[in-house]
Amino acid sequence: MNPCYSPPLGTVLLLTSAEDLDCTPGFQQKVFHINQPAEFIEDQSILNLTFSDCKGNDKLRYEVSSPYFKVNSDGGLFALRNITAVGKTLFVHARTPHAEDMAELVIVGGRDIQGSLQDIFKFARTSPVPRQKRSIVVSPILIPENQRQPFPRDVGKVVDSDRPERSKFRLTGKGVDQEPKGIFRINENTGSVSVTRTLDREVIAVYQLFVETTDVNGKTLEGPVPLEVIVIDQNDNRPIFREGPYIGHVMEGSPTGTTVMRMTAFDADDPATDNALLRYNIRQQTPDKPSPNMFYIDPEKGDIVTVVSPALLDRETLENPKYELIIEAQDMAGLDVGLTGTATATIMIDDKNDHSPKFTKKEFQATVEEGAVGVIVNLTVEDKDDPTTGAWRAAYTIINGNPGQSFEIHTNPQTNEGMLSVVKPLDYEISAFHTLLIKVENEDPLVPDVSYGPSSTATVHITVLDVNEGPVFYPDPMMVTRQENISVGSVLLTVNATDPDSLQHQTIRYSVYKDPAGWLNINPINGTVDTTAVLDRESPFVDNSVYTALFLAIDSGNPPATGTGTLLITLEDVNDNAPFIYPTVAEVCDDAKNLSVVILGASDKDLHPNTDPFKFEIHKQAVPDKVWKISKINNTHALVSLLQNLNKANYNLPIMVTDSGKPPMTNITDLRVQVCSCRNSKVDCNAAGALRFSLPSLLLLSLFSLACL
């Protein structure tokens, strides 16, 4: 080593004084210069390093900042493989349970390599600290993380060439008097800096401290001067896959080299070192058919790609279209000394529509009774594609034989079968046989090199079975118009029912099914309908002048079939109902000043012109001097009044009302009039033996009658 060489700033020096120990633990030489050869040869010795922990070097371990080199237990430095460029600087870390130290290897003529570990020691490659007008000299301190006992241990020293007598060093900053407190301290007399505990680079990578000198009273004499403590990374974190689950998809038949997915792991170690330089590989593939190496992973990027031919990537021939890969990420650029982490990647081989559906038979048979509807046959198909996709799901179409749209076909979503249904009843007498041509396709389009063939069509032969159908009335409903009160036995019509089973030549018999009023009879042979009673338009069985009856037509089949026909009889009105009056009771006071007795109304069950206008008359006067009078108000109402007051008594006044029919009809009804004593707002009809109707009741009844006009 050149005796004039001074270690660069940042080189770790063990500051134990030779006056205190006979042995100085650590590397005997801290800095080595190596000329960059054309190539470092694998397993060829480069140099020897001497390290001593003053305790026999038990369990001595060396770590090199480059994964391409190693140091044997005897201190020999070797290349692990032939390599032409490693950068400008290497660091060797040695440690035993009793001591540890760092040595720097300077590659003379080496070129910078992006991502090299010397990036974290870039301060060591900078120019020397320029002279300043101060006496405190501070160099950055490098401390490996995860150091073991004993603590505290010296890690550096501050020098003050012009320090006054009795002055003291003082250290401040985060890690000293700021949280986390107490990690570093300084010997106030000698300037030795020590660390009191194990450091973790992943918690704090750099500590920014400050050094100053003070007098005995604590007054600052010089400073503060910055002191940087850099924690050197150790490979103490495994790669972690933290974005799972990892599921990828690749279409069957994809070309070799198709990217499926990317696996990315995270390493908490220093990304500028090989401690976090990851390499990926596939540890296991399940299943391992048809090839144990179906996939490849890019060791640097983590991209998983297919490596088998498209023919082997056939979902229909694979035992299982799902593969599980155990992916391993290893730091230290994949060297055996690196730490590893694993994750499972699930890769699904997705289906594409490369198989057309095929009918299991060219011809299908079905039988259906005439008049029936519903599913008559299930058409079965085979499709090798994935049953969970549109490449498997079938869509059926009737392409011939269905001009009347009597048939429909739908897909059973569970079985993929085509359910052929009759939706309009078939008629055996029209056609006993039907032939349908049906095609099947997939919901998804086929891939370009696959097409639908002859097996994607099938013929369905349908036989219609004859059923004994009931006779049919024509027309239905049947309608006639007759006057009410026609004579009993009058013929209304002759019904006509035909048998749809024209090929069976059956006979038909008729019967009455529903005749609410019991007015009708039907000839069972020829269907003639006549009356058995007088038809009455005013009957409660007649609705809006229409009477409804039902008839049956029964054929001679075995068993017989029945048809139902409806007869609607419109009844024309005849003046066969006399009008009637209301009310039939009235009251009046014996001393009434207003001699009006009651307003009468008339009604008639018949229709116009057989109703109003009505004619009101007093049929006969109950008293010779004619004290009663009736006056017309309108076509339906008249006023009954007195010509003079009467004594208390009950009087029956015959009222005759006549309608406007031709000939007219007349009805005579007794109006019972009670003449009552009315004193002090009290009405007393007892003496007359009358019903108890008060005068206010009479007035209300009169008003109600007027409201009906």
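**View 1. Strands β17 and β18 pair in antiparallel fashion.** In this predicted model, 8 bridges join β17 (residues 206-214) to β18 (residues 220-232); strands are DSSP E runs of at least two residues, numbered from the N terminus, and two strands pair if DSSP finds at least two bridges between them. Tyr-207 faces Val-229 of β18. The open sheet has 4 strands in the order β11-β18-β17-β14, with mixed pairing. β11 (141-144) and β14 (168-173) each have a single partner strand, so one side of each lacks a neighbour in the sheet.

**View 2. A salt bridge joins Lys-648 and Asp-684.** The N to O distance is 3.9 Å; a salt bridge is a side-chain nitrogen of Lys or Arg within 4 Å of a carboxyl oxygen of Asp or Glu. Lys-648 sits in the loop between β49 (637-642) and β50 (649-658), and Asp-684 in strand β52 (residues 682-684), 36 residues apart. Lys-648 is partly exposed at 26% relative accessible area, as is Asp-684 at 32% (buried is under 20%, exposed over 50%, partly exposed in between; 1.4 Å probe, protein chains only).

**View 3. Lys-439 and Glu-441 form a salt bridge.** Their closest N and O atoms are 3.7 Å apart. Glu-441 is partly exposed at 30%. Lys-439 is partly exposed at 27%.

**View 4. Arg-61, Glu-63 and Arg-95 form a salt-bridge network.** The model's count is 20 salt bridges.

**Notes.** Residues are numbered from 1 along each chain as its sequence is written. Local features need pLDDT of at least 70 and side-chain atom pairs 80 or more, while totals for chains, interfaces and linings use all residues; side-chain values use heavy atoms, without hydrogens or water.
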